[in-house]
Structure formats: C-alpha cells, structure tokens
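Thanks for coming. I will take a few minutes to walk through this structure for anyone who has not seen it before.

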Amino acid sequence: MTADAISLDCPLIMPATSLDTIVSLCKRRGFVFPSSSVYGGLGSTWDYGPLGVELKNNVKRAWWRSVVHERDDMEGLDAAILMNRLVWKYSGHEATFSDPMTDCRACKTRPRADHVFAAQKGRDPKGLDEINAAIAAKEISCPKCGSKDLTPARPFNLMFRTSVGAVDSGDDSGLVYMRPETAQGIYVNFGNVLDTMRRKLPFGIAQVGKAFRNEITPGNFTFRTREFEQMEIEYFVRPGEDEAAHEAWIAERQNWYLKLGMRRENLRVREQEKHELAHYAKRCVDLEYKFPMGWSELEGIANRTDYDLKAHSRSPENPDAVGELKYFDQELKKHLVPYVIEPSAGADRATLAFLCDAYEDALVKEPPAEDTTKLRDLVESFAKSVGRREGMAADVKQRLVSTAETIAAGLPGTLPQLIGLMEDSEAATIEVMKKVRGVGEKIAEEHTRTVLHLHPRLAPLTVAVFPLKRNDPRLVEMARGLKRDLQRSGVRTVYDDTGAIGKLYRRQDEIGTPWCITVDFQSLEDQTVTVRDRDTMQQERLLAPELASTFATRLT
Ligand code: GAP
C-alpha cells in the first residue's frame, strides 16, 4: 500500500468553522446555488446542483431505508401538498401557526417580538401577553435602532396562501395553503393506511416531502428557508405505551445520524421546556447539531398524544369531518384513539449537518520556508488593517484580528485555518485580503487538501475512474469500460481524464468521493487497478472484475 503526496506523518486538520466555508464549497463544486441568480436571486432560496441533489437524495434514501424498509412496523406515504383548507383549520394551523411581530415606529423595521424579548431579557417569553407587557413598559427596544417606540406584537401567520380554480373570485372560496408540514397528510390518511395495510398497533407512517413556511427570519444558508423538505414519521401506539415508544424513537433517531458518520460530540439531545411545548405536545425532545453558528435544531421528536387524530374526527368541535379516526383493538375489544410519536426531521438541515460534519481542510505537505514567511507577513498586515478599520462591528473585528494573529503565529500548520479566513465574507471587505489570497491560495492549493469525509452511502459519487494517461487508447478504453460496468451494477461512478492523477484525487476528495480507481499499464497485463481511499489516501491493487462486489459490500 502506498500513500499519495504526504510528507507529514500526521496531517494537520481543521473542520469547517464557518458557514461561509461550506457555502463557498457548495457554490464552487455544484452542491447548492443561489436560486434564480440570473435575475439577482430570491432571498434565502437555494437550488441543489448536480452534486447536491445526489447528496440530498442519498440522505432521504438512507432515512427511508432505515425507517421504512428495515423495519416491520412502518408504511410509506406520499400525500399531496395542496389539501382541503379544513385540514389546516382543524389542525389548528389557521389560528395558531404564527410568529409574533412588532413594528418599530422609528425605523420602520418589523422584528420578531419573541426574539427581541429573549435577546434583551435573557429568557423566552411565556406568551404574547408577556411580550406586550414588556413593550408597553418600554422594557425592550428595537434591535436595529434602539427605539422603544414599538407597536403591540401581532401574530403573523406563516402559511403561504394560494387559490385553486381558473378564476380568482376575489374572496376566500378557492383558498388553499401550501402545506407547512407533511405531518397532516399522514393524519388524514391514517384510516386509509390502516384499512388497506391491515396494520395492528403499534405502527407508523413515514413521508418525505416539501413544506412551505413564510419564515420571517430565514437564513444561515439552507438551515432555515421558506421552502424545504421534511422527513416525518407519525408512529401510532396504544395510550399508555407512548412514553416507552418516545424513548425508543429518541435513541433510534440519534443512532441514525451516528451510523451515518456524524460525530458524537456534534450531536446532542435537548429536552424542550414546558413553555416551549406546542399546545398539542405532552413532551418534545430536540436533536441538536453543533452547526458553525452554534447548537441548533436538527430534528424534533414529539409526543403529540391523540390530539391530531381527534382533531380530524367528527365531533361537536368538528362537524366537517366525515368520520372518526380511531382504531379497533382486537385484544382489548374496544375502539381507541392511538397516541402519536412524531420524529420530524428536515432533509435540508440533515444534508447541511452532514456536510459541515464531513468537511475538513488538512495540511499534507510543508511549503518552502520563504513562502511561509511571505504569507505570515501578509496575514500580520491583514490583522493590523482590521484593527485600524473603522465602522466594523466590534465583535467581527475582534474575531478577525484574533483569528489572523493565531494563523500568523502558527504557519504553516495553520494553513487549513487560513483557507477558512480567505473564504470569510467579512474578511473579504479588507483590502489586504486580496494580497493574502493571491499568495495564500496558491500555497494552499499545493500543500493542503479539502476533504469531505462523507459516509460512502451519502457521498454524491461513490467511485471515480481515471486512466493513467488519457492519450493511451488502451487505458482509456479499459477505464471507460470499468466505469460502465460499475455503474450498471448500481455503483455511482464517473470517468475523468481532465488532469494529472494527483489533481483528480484532490477534486474528488473535495466532493467526498470515497474511492478513486486508476487504470495503469499493469492493469492491461493482469487486470488489476489501484483503488485509492479518500480518508487514508492509501492505495491497494484489486482485481478489476471483483470491484463491483467489493464496493457493493463496502456500501452495505
Ligand atoms: N410536524 C412537526 C414539525 O413540522 P418542526 O419542528 O416545525 O415540526 C420539523 O419541523 C423539522 O423540519 C425541523 O426540525 C427542521 O429540521 C425542519 N424545518 C422546519 N422549518 C424549517 C425551515 N424553515 N427550513 C428548513 N428546515 C426546516
């Protein structure tokens, strides 16, 4: 076994510390693009590019496999996005799915009142009344201009409205909503699935699909957007068996992320406090990921009791429903309304978390001393420039100066951190950064590598095949044939001959391809090829005809 281009015993590594680094990689390598960019974009909307769609599909596929195919107690569903408006009336979304907004009379901005309250009082408000009492008492102020002249907070519904039918009648007769969660599609199909699949409790229904929310403060790349995909499970149990089922799902869902390679130290469970709980929830636990911007929700796992099935059942409170969503328990010989455990994950958030977790910049070769000295001088002068800069927020200034000073003191070992700084959008506003990049990018290109250590089942591509020389037809033919055979056997494979092998390895490392195959002259004689591992950079010689089964085994 041999390793490529390493002269350091222990490469120095650095995970992604800022979202800018991830955003930059995503744009550069075709994972995610700003949406409608030819018309200047549409704020906080994103398009998944050729590699991003493969990655997100793999995340959704891994979820489906784990929660539907590998279990005996689950069914799948794909409900319509547009549903009868009454679904949202009786689910409670029409009345309560809203954020409290206040208007600043001085600067005319409209901040989220609960966020302003939490930031300025150091705790979450207990409700609209408490927020409005604080506004009336002038205890909180506009986060933009500091004025205390705020209007009383009002609820702003997050559901997008549209209308069905050819004619816009001007009233609400054709009103429908773009679903804000996939969950309701599952509840209203509970009876259909129960009847057709002859299920007994406990059992669950899983669904993946788009959801839409007119978020007031979208942001942090794909973390919070107005259009996103959810991966939701509604798991139906006998009342009384709900708490144990909830615990089981909390463990199950954590394990899913960990088995797909997420670092344990970046995943935690947070119990929601009583005042955070949605009105229907008996208990809710959030799985949180340590994103570059801090610990944030990845998935919520709630005990929703029998709230939703009852809400959609005919009753004095709901005269519009055609029947009751209940279950006849053969053992207990009675009808009951099941309790529901709901593990609700975001496909975009999970994809972003896997990307952040997998990202690494590593120094693989020491640069010449004179290059290091030149770079150190430039980074030091960048730090001084930031220090002198007027009009920059104090916290940003402090972050940039201390990062640059640490990098300058630690070069060349801190070259990976310098890559992050060179991609920082705030650092880019300092003139001398252009010079840092001019020198730094070239050195980084030669001496570091960016790697996505994605789990092989999540990686957009599984294998890349290269001929050692692209002008040798025998090597090209064998490499292309290998690509074809592997792809036919279900292994996602690409062929590439557009650069030297070292450069091709780097390109595949950066997008997380776990294995690269090189066809060389020995291959023509004995049918063996080199297979290079992304993480260890070790190479092994394997027989070409056995590759399909080797990769199939590695992917299971
Ligand atoms: N049915 C329950 C429900 O929808 P939620 O906590 O509002 O619960 C579940 O959403 C998951 O959906 C979140 O944990 C998150 O992963 C994802 N999600 C929610 N809003 C999102 C948004 N605006 N952008 C991206 N993902 C979002």
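Let me start at F354. Setting aside residues within four places in sequence, F354 is in contact with V59, W256, Y257, L260, M262, L454 and L458. Before going on, note that this is a predicted model.

What does F354 belong to? The largest nonpolar core has 91 residues, and F354 is one of the three that touch the most other members, along with Y257 and F382. Which helix gives the most to this core? That is helix α11, residues 347–358, with eight residues. As a general point, nonpolar side chains in soluble globular proteins tend to be buried together.

Now the overall picture. The protein has 19 helices and 24 strands. Along the principal axes, its C-alpha atoms fill a box of roughly 80 × 65 × 50 Å. Of the 556 residues in the protein, 51% are buried. If you take the contacts between residues at least 6 apart in sequence, 68% of them join residues at least 24 apart.

Next, two pairs of helices. The crossing of the two is left-handed. On the α14 side, the contact is made by L415, L418, I419, L421 and M422. On the α15 side, the residues are M433, V436, R437, G440, E441, I443, A444 and H447. By type, the residues of this contact between α14 and α15 divide into nine nonpolar, two polar and two charged.

The residues in the contact of α5 with α6 are four nonpolar, no polar and two charged.

How many residues of helix α17 are buried? Eight of its eleven residues are, the helix running over 501–511. The buried ones in α17 are I501, L504, Y505, R506, Q508, D509, E510 and I511. Just after α17 comes G512, which takes a positive phi of about 85°.

Let me pick out E510 from α17. Why is E510 called buried? Its relative accessibility is 14%, and the cut-off for buried is under 20%. Leaving out residues up to four places away in sequence, E510 touches L25, R28, R29, T450 and L452.

For another glutamate, turn to E252 in helix α9, residues 242–259. At 27% relative accessibility, E252 counts as partly exposed. Beyond its neighbours within four places in sequence, E252 is in contact with S66 and R71. Between E252 and I81 there are 28 Å in space, C-alpha to C-alpha, and 171 residues in sequence.

Last, two loop residues. G92 has its place in the loop between α3 (85–90) and α4 (93–96). With a relative accessible area of 12%, G92 is buried. How far is G92 from Y280 in space? The two are 9.6 Å apart, C-alpha to C-alpha, though 188 residues apart in sequence.

N189 is in the loop between α7 (183–187) and α8 (190–197). Is N189 buried or exposed? N189 is buried, because its relative accessible area is 19% and the limit is under 20%. Not counting residues up to four places away in sequence, N189 touches L77 and A79.

That is my part; I am happy to take comments.

Definitions and conventions:
Residues are numbered from 1 along each chain as its sequence is written. This is a predicted model: local features need pLDDT of at least 70, side-chain atom pairs count only at pLDDT 80 or more; totals for chains, interfaces and linings use all residues. Side-chain values use heavy atoms; hydrogens and water are left out. Helices (H or I, at least four residues) and strands (E, at least two) are DSSP runs, numbered from the N terminus. Buried means under 20% relative accessible area, exposed over 50%, partly exposed in between (1.4 Å probe, protein chains only). Contact means heavy atoms within 4.5 Å. Ala, Val, Leu, Ile, Met, Phe, Trp, Tyr, Cys and Pro count as nonpolar, Asp, Glu, Lys and Arg as charged, and the others, Gly among them, as polar. A nonpolar core is a set of buried Ala, Val, Leu, Ile, Met, Phe, Trp, Tyr and Cys residues joined through side-chain atoms within 4.5 Å. A crossing is left-handed if the near helix is turned anticlockwise from the far one by less than a right angle, and right-handed if clockwise.
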